[in-house]
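User: Hi! I'm new to reading protein structures. Could you walk me through this one?

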Amino acid sequence: MFTSHVSKALIGGLTAALLLIGCGRSDTQGSGGATSAPVDTSPAKGEINVWAMGIEGEHLPKLAARFRKANPDAKVKVTAIPWQDYAKKVETAIASKDTPDATLVGAADLTNFASTGGLEQVPAGLVDTSSFYSGAARSTTFDKGTYGVPWYVETRSLFYRKDLAQAAGVSAPKTWQEYRPFLKALQKEGAKWGLSLPTGVAASWQGVLPFMWQAGADLMNKNGTEFTFDTPEALEGLEFYQSFFTSKTSTRNGPVSLGEIEPQFVDGSTAALISGPWETALLKEAGGADFVKDKVGIAPLPKGPKSNASYIGGGHWAVFKEAKNRDGAWKFIRWLSRPDVQQDWYELSGDLPAVESAWSEGKLKSDPVLSVFRSQLETALPGPNVTTWKQVTAVLDAEIEKVAKGVSSPKDALERVQAKASSIGTGQPR
């Protein structure tokens, strides 16, 4: 399971090369808030063709069999597609108008697919949007329309060496003020570095923007037409990020490849890292189950001046405009959004439910590790929903590296980000 989640995290930062992302607004883009026809509550009928990726594609037929019991005249045909191939496949299907009925979409990619005009908007009243974690629901919108229904979510929290914390007599930090003193205490217990942070590799922005959000930064203006990186809040967040390096709490040469940081965490040379639910499996592989049980602590990210926001990712369901069984597809997606079905899906796949009420029973309610991520999801945020975001993140990663290496000040870095982001544009009319 964890390899699927890690692959999705990596691929989410690479799909831009496969998508039609331009600086200007696409001619096919935007339905200006138009809505699609409603879907009734009668049972689904006919064959429903869906694409699902990775482990999800392997496990979904088991769940679809339960859907058929409630909808005997319907059959869900699942085609499993590797995550690394899916973006090009979806793009090609939309361009050729030869699509299945529905597809799983990485949350970070939905905007780009919606901008092609190949996805249908979610019918009004199909699901209760307020039932999902707000960050997940926020990532389904584009150009005044909603194009996806959240299915599962992922976010990142603080993993730390519990044994070192106990030896130092300190508890997990709850605020920015407690953050570095906590890490310094772990360093005094033998760790060379307190916290592993990204320092410029692809998708470093996912680990750095939360500092800006925690300080209260909004990365775009209210109507989504301009980027706003040149704010006091964004500067405060980036300066806080920089402070981990200047205080020698974090190394200026962060991990550059998958699996690099876990051995350092296990041997105690790095005392803390920020990662998602999949990290537990990676640490078990690196250090064993007893290591995780005895020496790994997990806590929500410390709160800054505004919040303890983390980054949110995950998967959404979308229906193609060229769907042959559009009615059945939306009914299947509505069924997948039921809390009991979300719980069943967690048991099958380990994917965290996007529906908040699904966490009210069983392991999702009682597991102490999951409770940390449940709390973190309440404040987790996605990146801006604009077609040019992948281009802007490349700029962000480059400037993050300069700050981490000490060759640029946060103020100068943000000025360059703002200038380049403004030149790239948002893909939206001003």
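**A chat about sheets and helices**

Analyst: Happy to! Let's begin with a pair of strands: strand 7 and strand 8 run antiparallel and are joined by four bridges. Keep in mind that this is a predicted model.

User: Which residue in strand 8 is the bridge partner of Leu158?

Analyst: That's Ile274.

User: And how many bridges does strand 7 make with strand 9?

Analyst: Four bridges, and that pairing is antiparallel too. Strand 7 covers residues 157-161, and its Phe159 stands opposite Ile298 in strand 9.

User: What's the strand order in that sheet?

Analyst: The order is 8-7-9, in an open sheet of three strands with antiparallel pairing. Strand 8 (272-275) and strand 9 are the edge strands, as each pairs on one side only. From one strand to the next, the twist averages 25°.

User: Which helix packs on this sheet?

Analyst: Helix 11, residues 279-287, which touches strand 7, strand 8 and strand 9. The direction of helix 11 makes about 25° with that of strand 7.

User: Do strand 1 and strand 2 pair in the parallel or the antiparallel sense?

Analyst: Parallel, over eight bridges. Within that pairing, Val50 has Val78 in strand 2 as its bridge partner.

User: Let's switch to helices. At what angle do helix 8 and helix 17 cross?

Analyst: At roughly 85°, with their axes coming within 10 Å. Helix 8 is residues 205-214 and helix 17 is residues 389-405. The two are therefore roughly perpendicular to each other.

User: Which residues meet there?

Analyst: From helix 8 you have Trp205, Val208 and Leu209, and from helix 17 Trp389, Thr393, Leu396, Asp397 and Ile400. Sorted by class, this contact has six nonpolar residues, one polar and one charged.

User: One more helix: why would you call helix 13 largely enclosed?

Analyst: Because ten of its eleven residues are buried, helix 13 is largely enclosed by the rest of the structure. Among the buried ones are Trp330, Phe332 and Trp335, and also Arg326, Lys331 and Arg334.

User: Where is Ser337?

Analyst: Ser337 is in the loop between helix 13 (326-336) and helix 14 (339-349).

User: Is Ser337 buried or exposed?

Analyst: Buried, because its relative accessibility is 10% and the cut-off for buried is under 20%.

User: What is the side chain of Ser337 next to, then?

Analyst: A polar atom of that side chain lies 3.1 Å from the backbone oxygen of Ile333. If we leave aside neighbours within four places in sequence, Ser337 is in contact with Val127, Phe132, Val149, Pro150, Gln342 and Val355.

Note on methods. Residues numbered from 1 in each chain as written. Predicted model: local features only at pLDDT ≥ 70, side-chain atom pairs only at ≥ 80, totals over all residues. Heavy atoms only, no water. Pairing = 2+ DSSP bridges. Axes fitted to C-alpha atoms, helices over the stretch in contact; angles between N-to-C directions. Contact = heavy atoms within 4.5 Å. Parallel < 35°, antiparallel > 145°, perpendicular 65-115°, else oblique. Nonpolar A, V, L, I, M, F, W, Y, C, P; charged D, E, K, R; others polar. Buried < 20%, exposed > 50% of the residue type's maximum accessible area, 1.4 Å probe, protein only. Polar contact = N/O pair within 3.5 Å; in protein donor to acceptor, adjacent residues only side chain to side chain.
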